Amino acid sequence: METALNPNPSPSAATPDGPTGPARARKAPSVWHRVADNWTVRVAGGVLALLVVIAAAAPLLGTVDPTLFDPASRDLLPGAVGEVTTADGDLVKHTFWMGSDSLGRDIYSRVLYGARVSLIVGVLCALLSIAVGLVAGLAAGYFRWVDMPVMRLMDGIMAVPGILVAIALVAIWKGSMLTVIVAVAIPEIPRVTRLVRSLVLSLREEPYVEAAISLGTRPLGIIVRHLLPNTAAPLIVLGTYICASSMLTEAVLSFLGVGLPAELPTWGNIMAEGRAQFQQYPHNVLFAGFFLALTVLAVNILGDGLRDTLDPKRIRIA
């Protein structure tokens, strides 16, 4: 006897697309969810967020004027209690949590205020070098007649050690925040330019770019709509490394005495002033060095996490 076919099978029947069939592919998570799920990004981002809060709230964290000289409080050990003069001229008790230097300045206050300088220099150097390198890389990668002069200029900048370029520019323009930012950012521009140029050269061969060219789209429209968005993820990762490198370069310049003015509290200045008494009072150098190393490490780890998260080749849909 032939079995009658059921034109309306029961919903509970096992079908390839039914509940008992293979699981349907889930939608790929957004970029934000991928970043938030990466534990290295969480840890490094949390450390950097804490440093930003400390730098912003430095006046509220029991600090005093970081430039205040107090000969009576010279060379105090960490945790010592002394007296400092307030802005009103009154003497008040103050705990030197990280000790004091040879001029009686509170190292704790100088380290916390120094975080502002390092973070500002690092972020602004990264933004400036990416902005200039992005424009140069897009032009060199898309326009053939621009490629040769731009890349030869970048090769010339890369031929000179970056620290020497920074020292020369600071010596010419004198030490100031703007001078240091420009001097530190210039050696980083070729790195950004070469990265963007290589991305543009590969993207030019993509079918959607060739289709846009064949339809008569203007070069500016192609660059803005198709090329620029595809450089965002690599530039974010590169920006973290430039930020970390810039903070180290600024500290080196200050340590050598050719960076920001000596009276300005920066981690490099703190270590430079404490190196003469390092054997007797190592805390004059160690606290500033620890904060600098922690910040650079957090930025580098954040860059590694963003690279793993934003790289399309590493993305796997669960």
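Modeller: We'll start with the overall layout, then take a helix, a loop residue, a pocket and a cavity. First, this is a predicted model, where local features need pLDDT of at least 70, side-chain atom pairs count only at pLDDT 80 or more, and totals for chains, interfaces and linings use all residues. Residues are numbered from 1 along each chain as its sequence is written, and side-chain values use heavy atoms, with hydrogens and water left out.

Biologist: How many helices and strands are there in the protein?

Modeller: Helices (H or I, at least four residues) and strands (E, at least two) are DSSP runs, numbered from the N terminus. Here you have twelve helices and two strands, in the order α-α-β-β-α-α-α-α-α-α-α-α-α-α along the sequence. Of the 318 residues, 41% count as buried; that means under 20% relative accessible area, with exposed over 50% and partly exposed in between (1.4 Å probe, protein chains only). For contacts, take heavy atoms within 4.5 Å. Among contacts with a separation of 6 or more, 69% join residues 24 or more positions apart.

Biologist: Which residues of α2 are buried, and which are exposed?

Modeller: Thr40, Val41, Ala44, Leu48, Leu51 and Ala55 are the buried ones. Looking down the axis of α2, they fall within an arc of 105° (taken from the directions from the helix axis to the C-beta atoms), so they line one face of the helix. Trp39, Arg42, Leu50, Val53 and Ala56, on the other side of α2, are exposed. With its 18 residues, α2 reaches 25 Å from first C-alpha to last, close to the 26 Å expected at 1.5 Å a residue (1.5 Å times one less than the number of residues).

Biologist: What about phi at Asp75?

Modeller: The general idea is that most residues other than glycine have a negative phi. Asp75 has a positive phi of about 50° although it is not a glycine. Asp75 sits in the loop between α2 and β1 (80-85) and counts as buried, at 14% relative accessibility.

Biologist: And how do I read the holes?

Modeller: Rolling a probe the size of a water molecule over the atoms shows where empty space is left. On a 1 Å grid over the protein atoms alone, a cavity is a set of points where a 1.4 Å probe fits but cannot get out; a pocket is an open set with protein on both sides within 12 Å along at least five of seven lines; lining residues have an atom within 4 Å of a point. The second largest pocket holds about 290 Å³ of space. Of its 15 lining residues, Leu48, Leu119, Val123, Cys243 and Val299 are the closest to its centre. Helix α3 gives the largest share of that lining, six residues.

Biologist: Which residues line the largest cavity?

Modeller: Asp101, Ile107, Arg110, Ile270, Glu273, Gly274 and Asn284 do, around about 40 Å³ of space. The largest share of this lining, three residues, comes from α11.

Biologist: Is Arg110 buried or exposed?

Modeller: Arg110, found in helix α3, counts as buried because its relative accessibility is 1%. Leaving out residues up to four places away in sequence, Arg110 touches Pro66, Asp101, Arg105, Ala262, Glu263, Leu264, Pro265, Ile270 and Glu273.

Note on methods
Points joined across faces, edges and corners; volume = space filled by probe spheres on them.
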